[in-house]
Amino acid sequence: MDRFLDNRWVTRIIALMLALLLFASVSFENQPASKSPSGFPLFTDYTETLTEIPVNAYYDEENLVVSGVPQFVNVTINGPSGVTKKEGLQKEIEVYADLSQLTVGTHKVKLQYRNVSEKINVKIDPAEITVVLQEKVTKEFPVEVDFVNRDQIEDGYTVKDPVVSPKVVKITGAIEEIDRIALVKAVVDLKGAKETFQQESRVAVYDKNQNVLSVTVDPTVVEITVPIESPNKKVSFALKQTGQLAAGLSIISMTPVPNEITIFGPKEVIDEIDSIDGELDLGKISEDTTLELKVPIPKGVTKVTPETIQVEVDVEEEISETFSDLSIRSLGLGQQFTLTFLNPETGTLSLQVSGAPSVLEGTSPTNLDVFIDVTDLGIGEHDVDIKVNGPQNVTWALPLEKARIRITDSEDN
């Protein structure tokens, strides 16, 4: 035996056999294999079905549109287990339809494949497809806005016309599909809306039966601005004078333009407002002029329109006129009382009125109301403020600031 092992050729043969066994062990590790009766692995075929293999279509994409090409197919592979590896083929195999030489119309086409070893048999399911090639066209369409949940908008709020950007989109597709387009719209949800908002919305294309059409839209998403108007109403605008007019001048007229303001806000707030007062500083007026005033925003109001108004002011040089023997009337005297004037004893006074000539021309004792308010006074003597109501844009000077009066019980007189 030792002589046998010492033989050079015997040693070489044993080394070769060991090398072959090692090669077979490494090559077929983790691969299904059959074994011979002697225990050595045998070469076998491997079969597997690959699912959801994408299909590519090659055609004149610039001028044509294709339909009928499936998105995915199943591919069954069969071949020697050493070269048929599912993981690799799943990534490398390409299934495609070569339509590059076809013209407009309907065609039956066999699907092809590549990037697979020649030792592997490939079966595609389906093996043949029917495709339709049509002329590609592009047209522009305006985008309409479709509101949903309009009935769930906040109470009292109003939806104004939406603004779409861009308002026109380009739609590309088969000429037959383009001719079927009846509506291009984007949807906006109004649920709970109570102020102007912006929203991005995807554009959808429909035929007259509201079926979605298979076309390409550019851009696919538009931006929509939805103006939401809160409850509002119109109120009058009045001018409140502050400061002193320059000496020797008198105001003929002050005209706000416009003389109405629209106020916006919660209904319970604006229902309580009937007018807004703006302040006009007379110290800024030395001649006929137009001033811009900012409209004050009352508490609780969210917005006013307009925010500013123009006030046209006309002035003239001032003159004065005295109106004599104007009776002082009493306001608020109970029927059970009698009132006697102690100063002035006559219960009358003279009033110097100043203003523009054109204003004083229309002024008379009948539109000068001189009065005292005794509503809360009881029996006894009292000093009461003398008040005057007169035409707008005139001033007056009282000879007395207060009247001295006596109130007695009527039954005592």
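The largest pocket of this structure holds about 500 Å³ of space. The model is a predicted one. The second largest pocket has a volume of about 240 Å³. The points below set out the lining of each pocket in turn.

**Largest pocket**

- The lining of the largest pocket is made up of 24 residues.
- Gln-241, Ile-251, Leu-282, Asn-393 and Val-394 are the lining residues that lie nearest the centre of the largest pocket.
- Three strands each contribute at least two residues to this lining: E20 (232-242), E21 (249-257) and E33 (394-397).
- Strand E21 provides the largest share of the lining, 5 residues.
- By residue class, the lining of the largest pocket comprises 14 nonpolar, 9 polar and 1 charged.

**Second largest pocket**

- The second largest pocket, with its volume of about 240 Å³, is lined by 16 residues.
- Closest to the centre of the second largest pocket are Val-65, Val-66, Gly-173, Ala-174 and Ser-214.
- Strands E4 (64-67), E10 (128-142) and E14 (168-174) each supply at least two residues of the lining of this pocket.
- Strand E4 gives the most to the lining of the second largest pocket, namely 4 residues.
- The lining of the second largest pocket divides into 7 nonpolar, 6 polar and 3 charged residues.

How values were computed
Residues are numbered from 1 along each chain as its sequence is written. This is a predicted model: local features need pLDDT of at least 70, side-chain atom pairs count only at pLDDT 80 or more; totals for chains, interfaces and linings use all residues. Side-chain values use heavy atoms; hydrogens and water are left out. On a 1 Å grid over the protein atoms alone, a cavity is a set of points where a 1.4 Å probe fits but cannot get out, and a pocket is an open set with protein on both sides within 12 Å along at least five of seven lines; lining residues have an atom within 4 Å of a point. Grid points are joined across faces, edges and corners, and a volume is the space filled by probe spheres set on the points. Ala, Val, Leu, Ile, Met, Phe, Trp, Tyr, Cys and Pro count as nonpolar, Asp, Glu, Lys and Arg as charged, and the others, Gly among them, as polar.
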